Amino acid sequence: MSDSLIRLEHVGKSFVQKGRHVSAIEDVNLEIRPGEIVSLVGESGCGKTTTGRMIAGLLAPSSGRILYSDADISTLQGAERRAYRLGVQLVHQDPYASLNPTQRVRQILAAPLTRHRLVRGRDDLEVRMRELLHSVDLTPADEVLGKFPHQLSGGQRQRLSIARALSVRPSFLVADEAVSMVDVSIRISILNTLRRLRDEYGLAILFITHDLALARHFASNGRVGVMYLGRLVEFADADELVRNPQHPYTQALLAASPPDPLSERHRPPPMKLRQDDIPSLLARPSGCPFHPRCPEFQEGICDTAVPPLVPLTPGHAVACTVRTQAYLDSVTPSGLLRLDSQIMP
Ligand SMILES: Nc1ncnc2c1ncn2[C@@H]1O[C@H](COP(=O)(O)OP(=O)(O)O)[C@@H](O)[C@H]1O
Ligand SMILES: [Mg+2]
């Protein structure tokens, strides 16, 4: 038994676009442990939502496998399947789209609790619904229970979505751009609620966002994975990723992110990319997916083989042939000799 809650092994996903099979996710390996916070970050279209939906069992991978508590989710049946379906919950970007506008909060929360027999009778249901609203700071509960989704603010609706996801006592929450549509002023307060839920219930959270500063803020004690064109290109502890980014794409993201007093010291200088546009999946570049934009592009290396995600130091992995080679050169005996000779008179 490993200690992973969710594990992705060589996961790929292809879709049909304009009559052609395109590969949207390629060879993603990812492990999330109980109670852990992991942020997944990358530009729009890089495959974050597809990854989240596969983890939540709403889409099947085209290749590779996803394990929940060491069991392949595609083979789960009966009680084990039920435990997984309840154990992994998805919170969408747009709570409006996922909340039934004709139901009051009371019905929205009661449905999963009664359907999955998680309460014993009326009184228990009332207590549990109030507990859920309190746990996501959506109060006064009595008032909120009688409202329709359109009578709540955007932030309150997102809190309600989180409460509904929590109703089935999950161990893992996929929060897909969960605060992208709410005002900046309430973003941090919802993030704080999510973090508190992690602390109180030991909930593991995959926090998906296109915003690196937010990814880093949310996973401040956790890890961050950077995706580009369907591949994980860098993975590290959040602080390490910001202080010591290795992949040129991560550096470009950091250089372009809005000022953040906490990480200002570590902001790399602005980077000039070779081209601004993200390539289409219909014209996926050969070799490293980032090479057409990468300022460190080396012909014959970056456009030939796809670089695997390899750990440079324990816990910090990068998928870049140029950076990996530079690192190896700096730690191999010949590299050390070079360093020594610079120091020696
Ligand atoms: N159902 C689908 N059919 C065809 N292409 C899809 C489908 N879902 C996603 N894609 C494509 O897969 C890629 C990744 O999409 P997505 O996972 O939504 O990215 P992100 O969430 O990072 O913006 C995009 O190019 C998108 O167009
Ligand atoms: Mg998305």
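Which residue's backbone oxygen lies 3.2 Å from a polar atom of the side chain of glutamine 89? Select glutamine 89 and look for leucine 86: that is the residue whose backbone oxygen sits there. A quick note before you go on: this is a predicted model, where local features need pLDDT of at least 70 and side-chain atom pairs count only at pLDDT 80 or more, while totals for chains, interfaces and linings use all residues. Residues are numbered from 1 along each chain as its sequence is written, chains are lettered from A and ligands numbered from 1 in the order in which they are written, and side-chain values use heavy atoms, leaving out hydrogens and water.

**Stop 1: glutamine 89**

Stay on glutamine 89, which belongs to strand β6, residues 88–91. Is glutamine 89 buried or exposed? It's buried, with a relative accessible area of 17%; buried means under 20%, using a 1.4 Å probe and protein chains only. Next, select Ala165, Val168, Pro170, Phe172, Leu173 and Val174, which glutamine 89 touches when residues up to four places away in sequence are not counted. Touching, or contact, means heavy atoms within 4.5 Å.

**Stop 2: the two domains**

Colour 6–225 as domain 1 and 248–331 as domain 2; these bounds come from an automatic or database domain assignment. Their C-alpha centres lie 29 Å apart. The contact takes 12 residues from each of domain 1 and domain 2. Together the domains bury about 1,200 Å², 58% of it on carbon and sulfur atoms. That buried area is the accessible area (1.4 Å probe) that two parts lose on being put together, summed over both. Pick out Glu43, Leu212 and Arg216: they supply 39% of the area domain 1 buries against domain 2, more than any other three residues.

**Stop 3: a salt bridge**

Show the side chains of arginine 293 and glutamate 43, which meet in a salt bridge at 3.3 Å, N to O. The rule (a side-chain nitrogen of Lys or Arg within 4 Å of a carboxyl oxygen of Asp or Glu) finds 2 salt bridges across the interface of domain 1 and domain 2.

**Last stop: helix α12**

Finish at residues 321–331, helix α12, whose buried residues are Val322, Arg323 and Thr324.

Note on methods:
Helices (H or I, at least four residues) and strands (E, at least two) are DSSP runs, numbered from the N terminus. Buried means under 20% relative accessible area, exposed over 50%, partly exposed in between (1.4 Å probe, protein chains only). A polar contact is a pair of N or O atoms within 3.5 Å; within protein, one must be able to donate a hydrogen and the other to accept it, and residues adjacent in sequence count only if both atoms are side-chain atoms.
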